[in-house]
Amino acid sequence: MVKTYATVLGAVFVLLGILGFISPLNPDGNLFGIFHVDVAHNVVHLISGLAVLGAVLAGGVYPRLAAQVIGLVYGVIAVLGFLVGQGVVLGFLEVNVADNALYAVIALSALYAGFMPEAEPARK
């Protein structure tokens, strides 16, 4: 389950990173008119996505570890974002309320996927 989650998460991050650079979808610096994006955002999304997809390709414990790290990092960003509401977090990442809510959802789902116990194989 965690490998599938990480694959989808990584692909979505890469897609969002690319879409963030496409200006017609980006009126007034807001992807789809909702989420704030800028070069820093796009680069962070691309790096996150490529790192997660790399973890999936590496296999073993790495997809789970990637989900745990993404969950923790995006959780910190979400909390900091909610504290500032709309503005700059970590000194370079500009966020708005929609970004903060999305990062909270990503953090919670990644933490769930990364820390949930592995299913035991069925016994015969």
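Contact means heavy atoms within 4.5 Å, and in this sense Val2, Tyr5, Leu9 and Phe13 of α1 meet Ile106, Ser109, Ala110, Ala113 and Gly114 of α4. The legends below describe a predicted model, in which local features need pLDDT of at least 70, side-chain atom pairs count only at pLDDT 80 or more, and totals for chains, interfaces and linings use all residues. Residues are numbered from 1 along each chain as its sequence is written, and side-chain values use heavy atoms, with hydrogens and water left out.

**Figure 1. Overview of the protein.** The protein holds 4 helices and 4 strands. Helices (H or I, at least four residues) and strands (E, at least two) are DSSP runs, numbered from the N terminus. In that direction, the order of the elements is α-β-β-α-α-β-β-α. Along the principal axes, the C-alpha atoms fill a box of roughly 60 × 30 × 20 Å. Of the 124 residues, 40% count as buried; the term buried stands for under 20% relative accessible area, exposed for over 50%, and partly exposed for values in between (1.4 Å probe, protein chains only). Among contacts between residues at least 6 apart in sequence, 64% join residues at least 24 apart.

**Figure 2. Helix α1 against helix α4.** The two helices pack at an angle of about 150 degrees, and their axes are 9 Å apart. Because angles over 145 degrees count as roughly antiparallel, under 35 as roughly parallel, 65 to 115 as roughly perpendicular and the rest as oblique, α1 is roughly antiparallel to α4. Here the axes are lines fitted to C-alpha atoms, for helices over the stretch in contact, and angles run from 0 to 180 degrees between N-to-C directions.

**Figure 3. Helix α3 against helix α4.** Helix α3 (residues 62-84) and helix α4 (residues 97-115) pack at about 150 degrees, with axes 7 Å apart. This angle makes α3 roughly antiparallel to α4. Again the crossing is left-handed. Residues in the contact include Ala67, Ile70, Gly71, Tyr74 and Ala78 of α3, together with Tyr103, Ala104, Ile106, Ala107 and Ala110 of α4. By class, the contact has 16 nonpolar, 6 polar and 1 charged residues.

**Figure 4. Helix α1 against helix α3.** The axes of helix α1 (residues 2-20) and α3 come within 9 Å and cross at roughly 55 degrees. Accordingly, α1 is oblique to α3. This crossing is left-handed. From α1, the contact is made by Val2, Lys3, Tyr5, Ala6, Leu9 and Phe13, and from α3 by Pro63, Arg64, Ala67, Ile70 and Tyr74. By class, there are 9 nonpolar, no polar and 2 charged residues.

**Figure 5. The surroundings of tyrosine 74.** Tyrosine 74 is placed in helix α3 and is buried, with a relative accessible area of 1%. Apart from neighbours within four places in sequence, tyrosine 74 is in contact with Phe13, Val44, His45, Ser48, Tyr103, Ile106 and Ala107. With tyrosine 103, tyrosine 74 forms an edge-to-face aromatic pair, 5.1 Å centre to centre and with 70 degrees between the planes. Tyrosine 74 lies in α3 and tyrosine 103 in α4, so the pair ties together parts that are 29 residues apart in sequence. Rings of Phe, Tyr and Trp (its six-membered ring) pair if their centres lie within 6.5 Å; planes under 30 degrees apart count as stacked, over 60 as edge-to-face and the rest as tilted. The structure holds 2 aromatic pairs, and Phe13, Tyr74 and Tyr103 form one aromatic cluster. Tyrosine 103 is also buried, at 3% relative accessibility.

**Figure 6. Histidine 45 in helix α2.** Histidine 45 lies in helix α2 (residues 39-58). The residue is buried, with a relative accessible area of 7%. Residues up to four places away in sequence aside, histidine 45 touches Phe13, Val14, Leu16, Gly17, Tyr74 and Tyr103.

Notes. A crossing is left-handed if the near helix is turned anticlockwise from the far one by less than a right angle, and right-handed if clockwise. Ala, Val, Leu, Ile, Met, Phe, Trp, Tyr, Cys and Pro count as nonpolar, Asp, Glu, Lys and Arg as charged, and the others, Gly among them, as polar.
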